[in-house]
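Here are my notes on the structure you sent.

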Amino acid sequence: MPVEKHTLKVSTTGSAGSASGSGILTLALCELLAVHLDYHASAPATTDVTLSSPGQPASQTILTRSNSATDGWFYPRRQKDDNAAAAITGDYDKFVVHGNLLLEIAQADALTDCVTATVYVRT
């Protein structure tokens, strides 16, 4: 199972402090290993980032980062469930991405490549 690296750049439009934008990265069925968020040098500290996997069979929010413009590495995980569908405390696993990753930016300034997400997945 090889590890793949993908890059998604999202530009924003609108007024300062309320500009927004989004982009979709199309992937095969895979496990999400890591995400690096790289903010534009002029991105304001009010910038919100949401990474999700929309679509079938259901959407899932993977990462939400509010009011930040600091670059960073993230290793999102979901809580596991037992056979009765109850959450297992303290037990987490990788997200399964079923086709697309949606990167949404809000509360930013109008910037080209406001946020660049580098995504590592295992196919």
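1. Two strands count as paired if DSSP finds at least two bridges between them. The model is a predicted one. In it, 4 strands make up an open sheet, ordered β2-β10-β4-β5, with antiparallel pairing. The edges are β2 (19-26) and β5 (60-65), each of which pairs on one side only. From one strand to the next, the twist averages 15°.

2. Within this sheet, β4 (residues 48-53) and β5 are joined in the antiparallel sense over 5 bridges. Leu 51 has Leu 63 in β5 as its bridge partner. In general, the strands of a sheet pair through backbone hydrogen bonds, parallel or antiparallel.

3. Is Thr 118 buried or exposed? Thr 118 lies in strand β11 (residues 115-122). Its relative accessible area is 13%; buried means under 20%, so Thr 118 counts as buried. Beyond neighbours within four places in sequence, Thr 118 is in contact with Lys 5, His 6 and Thr 7, and also with Ala 34, Val 35 and His 36.

4. The protein as a whole has 11 strands and 0 helices. Its radius of gyration is 15 Å, close to the 14 Å that the globule rule gives for 123 residues, so the protein is as compact as a globular protein of that length. Along the principal axes, the C-alpha atoms fill a box of roughly 50 × 30 × 25 Å.

5. Of the 123 residues, 39% are buried. Among contacts between residues at least 6 apart in sequence, 73% join residues at least 24 apart. The accessible surface is about 6500 Å², and carbon and sulfur atoms account for 49% of this surface.

Conventions
Residues numbered from 1 in each chain as written. Predicted model: local features only at pLDDT ≥ 70, side-chain atom pairs only at ≥ 80, totals over all residues. Heavy atoms only, no water. Helix = DSSP H or I, 4+ residues; strand = E, 2+ residues; numbered from the N terminus. Axes fitted to C-alpha atoms, helices over the stretch in contact; angles between N-to-C directions. Buried < 20%, exposed > 50% of the residue type's maximum accessible area, 1.4 Å probe, protein only. Contact = heavy atoms within 4.5 Å. Rg over C-alpha atoms; globule rule 2.2 N^0.38 Å. Areas by Shrake-Rupley, 256 points an atom, 1.4 Å probe, with all protein chains shown as cover.
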